[in-house]
Amino acid sequence: MGRQAEKQNPQAVRPLDLMPVVVGPMGLKPEELRRRQYPLKPTPEKLTPVVLGPEELWPAKLRPEVLRPEVPRPVDIGSGPFSDICAQEISKRNADLAYVLNADPCGHCLIINNMNFCLESRLQTRTGSNIDCEKLQRRFFLLHFVVDVKHDQTAKQMVQVLVELAQRDHGALDCCVVVILSHGCQASHRQFPGAVYGTDGCPVSIEKIVNIFNGSGCPSLGGKPKLFFIQACGGERKDHGVEVASTSPEDRTPGSDSEPDAVPFQEGPGTFDQPDAVSSLPTPSDIFVSYSTFPGFVSWRDTKSGSWYVETLDGVFEQWARSEDLQTLMLRVANAVSQKGIYKQIPGCFNFLRKKLYFKM
C-alpha cells in the first residue's frame, strides 16, 4: 500500500525537512563537533549554548540561545508601598509574626476627652481637644473599631468606664484601644510613668489604667493586643532642643496658638507607696502604651488645630496604616512631631507586644 501511495503521490510520503539542532560551544562548526570524542561538560562559569536553526544560518545570522539555571530573585524589603504591602501580607499569613485582626468589628475603642475642668482644680480648659477627639473617633472607626466617647469625666468616672470596658466579653474581638485626652503630670510608678487628670483635678496613674486590663481584670483579652494612646503632659519641662538642619520647614509654627497640657507634679500620700505593690503588679503582656511626650516634658496643643501628637498620628495612620505595622507608624509620628514648633516634643512608647500589629483595613 505504501508503494502504491508513493506512485500516486510521491510528495505525501517524502520526509519533512528537519531543522538541525546543534549543541556545542559558540563558534564550533558541526564537523568539528563530530570529531570531538569526549562529551561537553558544562560548568557554572561557562554554560553550554544550545543553537536552534538551519545549519546555513548558524552561527553567523542566528544568535545562539544560552540556557541558564534560574536564580531566585532577591525580595525587595525597601520602604516602597508595594514592598511594604507584600511584607504585610506575608506577616498576616503567619500568626507567629503578627497578631490576627480578622474580626469585624476589630474591637472596642474608648476615648476619654477631658476638656472642661472644675474651678477648684485650677486646670485650664483644653481648647482644641474636641478637634483631637473628632479626628481619633473617625480614624478608629475607619480601622473597624466600635468607638465610644466619654466627655469630661472625673477621676472616679474614668476608672469606672475603664473597668466596665475591661469587664465586657471581648472573646469574639481581636483588639482593644483606649485613648485619653486630658491634662497630665508626673507620678510615682513601677511600670508605666505619668498620670492623667479627671475634671475634678484628681489624677489617675497610667499604671493603674493599664493594669485594669490585665489577665485577671480582663481575661477575654488575654493574648490580644491592648493599645493605649495618651495625649497629656508628662511634666512641666520645656525642651528648647538643639539647632539642626530642618527637613520640613513648613512644620515650624512660630505663630501658632499653642499651650501645654502640663500641671505641677502631684503625688497623693499613700496612693502609690504600698510596700507589697511590687509583687501585685503583673508582667505586662500584649500591651502598647504611646505617650504624646517624653515623661517629665510638656505636650503641646494648638487651640485651633488640636494637639501636635494627635494631628500627626491621624495623618500618619491615614497614609501608612494600610502597609506598615504599629511600631513603624509610631516612629513616623515621633519623627514628624519632633520637627514642629519652637519647643521640642518627642512622643515615646512602652512596647510589650509579642508580635507585629497591622490594623485591619
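Colleague: Which residue lies over the face of Y99?
Modeller: In this predicted model, K355 lies over the face of Y99, at 5.8 Å from the ring centre.

Colleague: And what sits over the ring of W320?
Modeller: The charged end of R332 does, 3.6 Å from the centre of the W320 ring.

Colleague: Turning to rings against rings, how many aromatic pairs does a search of the whole structure find?
Modeller: The search finds ten aromatic pairs. One of them joins F192 and F350: the ring centres are 5.9 Å apart and the planes stand at 75°, so the pair is edge-to-face.

Colleague: Where in the chain are F192 and F350?
Modeller: They belong to distant parts of the chain, 158 residues apart. F192 is in the loop between β6 (184-185) and β7, whereas F350 is in strand β14 (residues 348-352).

Colleague: Is F192 buried or exposed?
Modeller: F192 counts as buried, because its relative accessibility is 1%, and buried means under 20%. F350, at 27% relative accessibility, counts as partly exposed.

Colleague: Which aromatic pair does Y291 form?
Modeller: Y291 pairs with F350. This pair is edge-to-face, with 5.8 Å from centre to centre and 70° between the planes. It also links distant parts of the chain, as Y291 in strand β11 (residues 287-291) and F350 in strand β14 are 59 residues apart. Y291 is buried, with a relative accessible area of 8%.

Colleague: Which residues form an aromatic cluster?
Modeller: F140, F145, F229, F317 and F359 form one aromatic cluster.

Colleague: Let us change topic to helix α5. How many residues has it, and what does it reach from its first C-alpha to its last?
Modeller: Helix α5 (residues 155-166) has twelve residues and reaches 17 Å between those two atoms. That is close to the 16 Å expected at 1.5 Å a residue.

Colleague: Which residues in α5 are buried?
Modeller: The buried residues of α5 are A155, M158, V159, V161, L162, L165 and A166. Seen down the axis of α5, they fall within an arc of 165°, so they line one face of the helix.

Colleague: Why do residues three or four places apart point the same way in an α-helix?
Modeller: An α-helix has 3.6 residues a turn, so residues at that spacing point the same way.

Colleague: What covers the buried residues of α5?
Modeller: The cover includes the strands β3 (107-113), β4 (145-151), β5 (175-181), β7 (195-197) and β8 (203-205), together with helix α6 (206-211).

How values were computed. Residues numbered from 1 in each chain as written. Predicted model: local features only at pLDDT ≥ 70, side-chain atom pairs only at ≥ 80, totals over all residues. Heavy atoms only, no water. Helix = DSSP H or I, 4+ residues; strand = E, 2+ residues; numbered from the N terminus. Expected span 1.5 Å × (residues − 1). Buried < 20%, exposed > 50% of the residue type's maximum accessible area, 1.4 Å probe, protein only. Arc of directions from axis to C-beta. Contact = heavy atoms within 4.5 Å. Phe/Tyr/Trp six-rings, centres within 6.5 Å; stacked < 30°, edge-to-face > 60°. Lys NZ or Arg CZ within 6 Å of the ring centre and 35° of its normal.
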